[in-house]
Amino acid sequence: MADIIYTLEGGVYFNITNKCPCNCAFCIRTKGDAVGEAKRLWFDEEPKFEEIKQAIDDYDFTNVEEVVFCGYGEPTNAYDNLVASAKYLKEIKPSIKLRLNTNGLSDLINNKPTAKELSSIFDCISVSLNEPTSEKYDLITRNIFKGKAFESMLSFTAECVKHCKEVVMTVVDVITPEDIEKCRLVCESTGAKFRVRSYAKGR
């Protein structure tokens with residue numbers, strides 16, 4: 001069984017699915033079977049909620065201030081398990097901050113609006129912007145929703161800004177400085193905060 005909860009550079013992460021509508025050129029999961037303290041992050045079978053709940057019950061959250069839902073897959077691809085496990089963790093450990101790292105394609109993945117519900121559960125939602133235009137976004141993410149993904153991701157982010165106290169858009173420093181600045185402007189149009197992530201660190 002793959003690790004459901006793992007640590008990376010002192011942070012606690014939840015790996016609840018390996019499914020993802022993207023195949024990003026820079027994706028960290030192409031580097032190996034695990035990152036951080038995890039032994040293995042690839043599932044033989046996708047975990048059921050009961051297994052995620054058991055992992056939560058078995059984990060020592062002493063001194064943990066934040067957990068991040070971000071593993072070897074897009075968390076919203078396991079939407080029901082994501083919502084159920086985040087709610088359960090919030091119920092038993094209300095002091096822990098919950099962050100969702102997502103590609104922002106949840107509405108397309110689940111064929112329904114999801115931003116408002118996710119914003120009611122998570123304290124922070126971090127959306128991967130990746131590129132400043134739809135064409136470049138499709139090229140680098142190699143997503144299955146070609147032509148629709150970029151605008152849907154921006155709409156999802158803007159909706160999260162309306163309902164969540166902290167929304168961040170990120171880019172990885174594998175793109176040009178010029179495109180990073182263009183991404184900053186795109187991010188500002190949604191009302192979210194902007195952050196550049198280090199590819200070398202995988203975060």
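**Terms and their grounds**

Reply: Let us begin with a loop: asparagine 111 is placed in the loop between helix H3 (106–110) and H4. Please bear in mind that this is a predicted model.

Me: Why is asparagine 111 called exposed?

Reply: A residue counts as exposed when its relative accessible area is over 50%. Asparagine 111 has a relative accessible area of 71%, so the residue is exposed. Its backbone also deserves a remark: asparagine 111 has a positive phi of about 55° although this residue is not a glycine.

Me: What makes asparagine 130 count as buried?

Reply: Buried means under 20% relative accessible area. The value for asparagine 130 is 4%, and therefore the residue counts as buried. Asparagine 130 lies in the loop between S5 and H5, and has a positive phi of about 75° although it is not a glycine.

Me: How do you know that serine 126 is buried?

Reply: Serine 126 has 7% relative accessibility; the limit is 20%, so serine 126 counts as buried. Serine 126 belongs to strand S5.

Me: Let us turn to the rings. How many aromatic pairs are there?

Reply: Rings pair if their centres lie within 6.5 Å. By this rule there are six aromatic pairs. One of them joins phenylalanine 14 and phenylalanine 69, with 4.6 Å from centre to centre and 35° between the planes.

Me: What makes the pair of phenylalanine 69 and phenylalanine 122 edge-to-face?

Reply: The ring centres of phenylalanine 69 and phenylalanine 122 are 5.5 Å apart, which is within 6.5 Å, so the rings pair. Their planes stand at 85°, which is over 60, and the pair is therefore edge-to-face. Phenylalanine 69 is in strand S3, whereas phenylalanine 122 is in the loop between helix H4 (115–121) and strand S5 (124–128), so this pair ties together parts that are 53 residues apart in sequence.

Me: How do you know that phenylalanine 69 and phenylalanine 122 are buried?

Reply: The limit for buried residues is under 20%. Phenylalanine 69 has 0% relative accessibility and so counts as buried. Phenylalanine 122 has 2% and so counts as buried. Ring pairs link Phe14, Phe69 and Phe122 into a cluster.

Me: Which strands are the edge strands of the sheet, and what makes them so?

Reply: Seven strands form an open sheet in the order S1-S2-S3-S4-S5-S6-S7, with mixed pairing. Strand S1 (5–8) and strand S7 (193–197) are the edge strands, as each pairs on one side only. On average, neighbouring strands of this sheet are turned by 30° against each other, direction ignored.

Me: How do you know that S6 pairs with S5 and with S7?

Reply: Two strands pair if there are at least two bridges between them. S5 and S6 run parallel and are joined by five bridges. Strand S6 (residues 166–172) and S7 also pair in the parallel sense over five bridges. Threonine 170 in S6 is the bridge partner of serine 128, and arginine 195 in S7 is the bridge partner of threonine 170.

Me: Why is S6 called mostly covered?

Reply: Six of the seven residues of S6 are buried, and on this ground the strand is described as mostly covered.

Me: How do you know that the span of helix H6 agrees with expectation?

Reply: The expected span is 1.5 Å times one less than the number of residues. For the 15 residues of helix H6 (residues 149–163) this gives 21 Å, and the end C-alpha atoms are 21 Å apart, so the two values agree. Several residues of H6 are buried, including Phe150, Leu154 and Cys160.

Definitions and conventions: Residues numbered from 1 in each chain as written. Predicted model: local features only at pLDDT ≥ 70, side-chain atom pairs only at ≥ 80, totals over all residues. Heavy atoms only, no water. Phe/Tyr/Trp six-rings, centres within 6.5 Å; stacked < 30°, edge-to-face > 60°. Helix = DSSP H or I, 4+ residues; strand = E, 2+ residues; numbered from the N terminus. Buried < 20%, exposed > 50% of the residue type's maximum accessible area, 1.4 Å probe, protein only. Axes fitted to C-alpha atoms, helices over the stretch in contact; angles between N-to-C directions.
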